[in-house]
Amino acid sequence: MRTTRKEVGHSCPPGGEKNGGQECPPSLSMPWRDREGFKARVMEWARKLEVDAHSIYIRPMTRKWASCSTAGTLSFNDELLAMERDLGDYVIVHELLHFSVPNHGKLWKSLMRAHLGEYEKLEQSLNARGR
């Protein structure tokens, strides 16, 4: 099953409303409002990717953007909160896919492309920020 960012809460036109009058989510170019908003996004993606994320932590990390454990624990660098949401989506999906595919081989790359499209551009933008 292919899930796209559009299906994970970004289906409104700019300045529009979802069916039923619900408010549209913030733009993917806007930073996160808070830790809880970021964690909610992780859980949205986890449901779509059918991953059981037990614990989500947002904390200072000096060497990487995120990590995951086989026990279902996800840790995210708190610097992601100040970055654009599309970069957050990249890191979130990247880590969640590791629960199914532990490496960055062809299958992992194919799943990244299926869920985020041209994810390499996001990867390059994130790499330009260091880590």
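Contact here means heavy atoms within 4.5 Å. By that criterion, in this predicted model, Phe 38, Arg 41, Val 42, Trp 45 and Ala 46 of helix 1 meet Gly 88, Asp 89, Ile 92, Val 93 and Leu 96 of helix 2. Sorted by class, the contact between the two helices comprises seven nonpolar, one polar and two charged residues. As for geometry, the axes of helix 1 and helix 2 lie 10 Å apart and the helices pack at an angle of about 50°, which makes helix 1 oblique to helix 2. Their crossing is right-handed.

The largest nonpolar core has 31 residues, and Phe 38, Phe 76 and Tyr 90 touch the most other members. Two or more residues of this core come from each of helix 1 (35-48), strand 1 (55-59), strand 3 (73-77), helix 2 (85-97), helix 3 (106-116) and helix 4 (119-127). Helix 2 gives the largest share, seven residues. Beyond its neighbours within four places in sequence, Phe 38 is in contact with Trp 32, Ile 58, Phe 76, Leu 80, Leu 81, Gly 88 and Ile 92.

Once neighbours within four places in sequence are set aside, the contacts of Leu 74 include Val 42, Ala 53, Ile 56, Tyr 57, Cys 68, Glu 95, Leu 96 and Phe 99. Between Leu 74 and Val 42, which are 32 residues apart along the chain, the C-alpha separation is 9.3 Å.

Definitions and conventions:
Residues numbered from 1 in each chain as written. Predicted model: local features only at pLDDT ≥ 70, side-chain atom pairs only at ≥ 80, totals over all residues. Heavy atoms only, no water. Core = buried A, V, L, I, M, F, W, Y, C linked by side-chain atoms within 4.5 Å. Buried < 20%, exposed > 50% of the residue type's maximum accessible area, 1.4 Å probe, protein only. Helix = DSSP H or I, 4+ residues; strand = E, 2+ residues; numbered from the N terminus. Axes fitted to C-alpha atoms, helices over the stretch in contact; angles between N-to-C directions. Parallel < 35°, antiparallel > 145°, perpendicular 65-115°, else oblique. Left-handed = near helix turned anticlockwise from the far one by under 90°. Nonpolar A, V, L, I, M, F, W, Y, C, P; charged D, E, K, R; others polar.
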